[in-house]
Amino acid sequence: MFTSRAEFRTLLRQDNADERLTPKAIELGLASAERIEHFTQKQTAIQKLIAFTSQYSVKPELVNSTLEEIGEQPLKHAIKLREFLLRTKVTFDLALRLLPEVKAKAEKVAQKRKEVIEASEIAIKYAGYIEREKLQADKMVRLENIKLGDRFDYLKIESLSTEARQKLDKIRPITIGQAARIPGVSPHDISILIVLCQK
């Protein structure tokens, strides 16, 4: 399966497959002790490195010449490393090259595992997108739990768009979640169905 075709592709990334699947393997008793230890160490290292980026201050004199070279605005004052990494052209690798303290900390925490640094950078740079997609995924799970069954004669619900009425009548989705995935059924139509289900 291509992750680019997935509905929630920001969450279903190649780089976080172990983060998503190892807890399931542990739950099912399929993960070896070695795998569990490796996973636990990696997650702890990522959390420590992200926490460090929220505490460490980047001083302008250490980075401004390089920022100007790569076309980024120079710093006017010290900012946290986490904020520094949010800049478009700034990567963790660049921070490691420019800031010896950051390099030393990253090497100690990550134990020279590049995957830890990459995972930390992705978590920081895409935090907003990831959080938004998690909320959407949680909403979809909730919608899957709202049953429609044969409760409605869709053709008689005038507040639905004509296309939605026709599609819903033809397909007869079992849940609101299924209805939301039907082409031609808008978020407005779904809102109406949710209200009707609550009556």
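Trainee: Why is Arg172 called partly exposed?

Mentor: This is a predicted model, and in it Arg172 has a relative accessibility of 26%. Buried would need under 20% and exposed over 50%, so a residue in between is partly exposed. Asp169, at 30%, is likewise partly exposed.

Trainee: What makes Arg172 and Asp169 a salt bridge?

Mentor: Their side chains come to 3.6 Å, N to O. The cut-off is within 4 Å, so the pair qualifies.

Trainee: How do you know that Lys156 and Asp153 form a salt bridge?

Mentor: By the same test: their N to O distance is 3.8 Å, and the limit is 4 Å. Lys156 counts as exposed, because its 65% is over 50%. Asp153 has 37% and is therefore partly exposed.

Trainee: What makes Lys114 and Asp93 a link between distant parts of the chain?

Mentor: Lys114 and Asp93 form a salt bridge, with their closest N and O atoms 3.6 Å apart. Lys114 sits in helix α7 (residues 114-125) and Asp93 in helix α5 (residues 92-98), 21 residues apart. Lys114 is partly exposed at 48%, and Asp93 is partly exposed at 40%.

Trainee: How many salt bridges does the rule give, and which residues are linked in a network?

Mentor: The count is twelve. The network of salt bridges links Asp18, Arg35, Lys42, Arg113 and Glu115. Side chains of opposite charge can pair when their charged atoms come close.

Trainee: Why is Asn64 called buried?

Mentor: Its relative accessible area is 17%, and buried means under 20%, so Asn64 falls in that class. Asn64 belongs to helix α3 (residues 60-69). Neighbours within four places in sequence aside, Asn64 is in contact with Pro74 and Leu75.

Trainee: How do you know that the length of α8 is close to what is expected?

Mentor: Helix α8 (residues 127-144) has 18 residues and reaches 26 Å from its first C-alpha to its last. At 1.5 Å a residue, 26 Å is expected.

Trainee: What puts the buried residues of α8 on the same side?

Mentor: The buried residues are Ile130, Glu133, Ala137, Met140 and Leu143. They cover an arc of only 140° around the axis, so they lie on the same side of α8. Exposed Leu135 and Arg142 are on the face turned away from that buried side. Among the elements covering the buried residues are α7, α10 (176-180) and α11 (187-198).

Trainee: What makes a set of residues a nonpolar core, and which residues have the most contacts inside the largest one?

Mentor: Its members must be buried residues of the nonpolar kinds, joined through side-chain atoms within 4.5 Å. The largest such core has 29 residues, and Val58, Val63, Leu81, Phe84, Leu99 and Val102 have the most contacts inside it. At least two residues of this core come from each of α2 (33-55), α3, α4 (81-85), α5, α6 (100-110) and α7. Residues up to four places away in sequence aside, Val102 touches Phe52, Tyr56, Leu81, Phe92, Ala95 and Leu96. Another core, of 21 residues, lies apart from the largest one and includes Leu11, Ala164, Ile182 and Ile192.

Key: Residues numbered from 1 in each chain as written. Predicted model: local features only at pLDDT ≥ 70, side-chain atom pairs only at ≥ 80, totals over all residues. Heavy atoms only, no water. Helix = DSSP H or I, 4+ residues; strand = E, 2+ residues; numbered from the N terminus. Buried < 20%, exposed > 50% of the residue type's maximum accessible area, 1.4 Å probe, protein only. Contact = heavy atoms within 4.5 Å. Expected span 1.5 Å × (residues − 1). Arc of directions from axis to C-beta.
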